[in-house]
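Student: I am new to this structure and would like to know what the terms rest on. Please take me through them.

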Amino acid sequence: MDQADHILIVDDDRDIRELLTAYLQKNGFKVTAAANGRQMRAALEVGPIDLIVLDLMLPGEDGLVLCRDLRASDNRAVPILMLTARSEETDRIVGLEMGADDYLSKPFASRELVARIRAVLRRTRMLPPNMRVGSDEAAPMLAFGDWRLDTVARHLLDASGTMVMLSGAEYRLLQVFVEHPQRVLSRDQLLNLTQGRDAELFDRSIDLLVSRLRQHLLDDAREPRYIKTVRNEGYVFSAAVTPAVSAPAVVTGGMA
Amino acid sequence: MKLAAIRSHWWPYSLFGRLTLILCVGLVAAHTLSFGLILYEKAQSSKAMMIYYLGKDVASSIAILERVPPAERASWLGKLERGRYYYVLGAGPQGRPSQSPLCKEIAAVVSAAIGPQYAIKTTVMDHALRGPQLNLHLALVDGTPVTVVVSPPDMAISPWVPVILTLQLAILALFTWLAVRVAARPLAQLAHAADMLAPDMQTAPLPEDGPLEVARAAAAFNAMQRRISAYLAERVQILAAVSHDLQTPITRMRLRADMLDDGMQRDKMLADLAAMQALVEQGIAYARSQNQAQTPDEASCRIDLDALLRSLVYDYQDAGQTVALHGQFGQPLISRPQTLRRILSNLVDNALKFGREVEVHVQPAANQVAISVMDRGPGIPQEQLSAVLQPFYRVENSRNRETGGSGLGLAIVQQLTIALGGTLVLSNREGGGLMVSLLIPAKS
């Protein structure tokens, strides 16, 4: 990185804007702050922005509206880190569906924000453009073999539409696999790629996670259909991954 | 003391019993009194009638005996005999002299009827079988003694009278029971409705019909229930609003704390902020869980319960916690996955707070699945097991010593369980620790 990444902070609280600006500047970022959607658009006019830190709860146009508008505008490729006051799963899903690349619930540690910003920047730069979450070609639902993977709600769906939930580590590993199909990935690479967040929690061996994933995918370790072991090298995700029609889990009406 | 003891012994505990007792005793007493009065009246009047006719009859019989020739008198005696009395020529049976008012009255009536020329002497004889027998001794004009032997009036009542009486008492008892039931049942229904109020205030309103007083009580009760619901909703709203508004200042303080140079002070402040944030999150989660219970916003779908439990347990294991999974369900389940996951992670978090080793057991049961989360912590005193499901309730023992807690954790779980149509059962484990069992309907 020859030049500092330019972060745009959108938050209606002046103190939080100032505190974040100071902290991010201290950490080597170039920072612009905006109090609302109008100021945000003005800042986007002025110069290239590498990432937007967007507060969900804004007076007037809220973060979700701004997020959706951004995705429909010329700035659709700018990654968005959503700040939410809630830590509920539904908010995360809604935020991600609206096109946010990641989210962080308030209150957060400054260090955590910096780590997330760096992770999102690294991820969006590493992924091929058509795999970028938030871009037009974003596929919230991926298909391989008998399975579909909902990348927003983060679960698997089997052929009958039954929801199979994954643990955080399992999902991250599977995400790496489906993002890099037919490529041999070493254990080190897998460890690196899955360390997007909560790195400190991720200390189980890749082998254990692979065996758990195989269990979920009903994959036979001796004759695997999906995750093949490459001796002395690592693993390869051998199934073809295609974007799937966004058919959700089998939903039953009302109270079941 | 003695009286009170007797009273409490005989005094029924239920309103039903008391009313029945009072009404029955009162009605039976009144009934017996009037029955007795009628009986007495009847006896009095029939006695008066008998004495009156006795006088007239004795007068005419004596007049006949005076007029027929002495030799024919004996043959007339049979014709003059009546049901209750007969005539004997001669001194007749002699009894003891009597001064009873009845004897005097009979003597007076008879002598008034036959005239003052006859001197009447009365004696009484006791018969074992027929009761006292009255003898009227007098002499005809020619000196022949005549005795009128009078049996006492037969006061025996007809055999059907006790039957009728019993029947009447039975009818009385039946209608008393019916009346008391009509009066007491709405009260029982009211009590039942009041019992059903907790914990979610979603009880169907009482029917506002029936007798005027009952309808009014039901209407008042329904109004009260609505008010309580409104207060509870308001309380939740206030809690949610305050919790929500606290998040911004906490965020600011969190960021400011990061800037502090004094490591020890900063760590203390961060710990305080984390505690505050935990309370705020619980407040918001509780408000949300109550909305969930009333209007679930998550759709039900078919889920692999075993995968859900595995992923949950693995997440804890990956974070270095000791959480083990036992058993399996083995088939898809129709439920709300996020709600179910939140319930279970709240239960596991709670269990981890009090006991380091947590077990999750899953077991299929008839039309439902039982998921139990068990710890080896201090448990909860038996009498507080149901109270801990109430919001803001805190167990006053070691279970809360170090953590404090908002008193909302289990209330949130309870609300979410209601949203799933399930039930939550708390029990203390043998050998110590708490077991929370979640029972949810399993339709696959």
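Tutor: In strand 5 of chain A, Asp102(A) is the bridge partner of Leu81(A). The model is predicted, so local features need pLDDT of at least 70 and side-chain atom pairs 80 or more, while totals for chains, interfaces and linings use all residues. Residues are numbered from 1 along each chain as its sequence is written, with chains lettered from A and ligands numbered from 1 in the order in which they are written.

Student: What makes strand 4 and strand 5 of chain A a pair?

Tutor: Strands (E, at least two residues) and helices (H or I, at least four) are DSSP runs numbered from the N terminus. Two strands pair if DSSP finds at least two bridges between them. Four bridges join strand 4 (residues 80-84) to strand 5, so they pair, and they run parallel.

Student: Why is one side of strand 2 and of strand 5 of chain A left without a neighbour in the sheet?

Tutor: The open sheet has five strands in the order 2-1-3-4-5, with parallel pairing. Strand 2 (30-34) and strand 5 (102-105) stand at its edges, each with a single partner strand, so one side of each has no neighbour there.

Student: How do you know that Val373(B) touches Val436(B)?

Tutor: Contact requires C-beta atoms, placed from the backbone, within 7 Å. Val436(B) is among the residues that Val373(B) touches, not counting those up to four places away in sequence, so their C-beta atoms meet that cut-off.

Conventions
Two residues are in contact if their C-beta atoms, placed from the backbone, lie within 7 Å.
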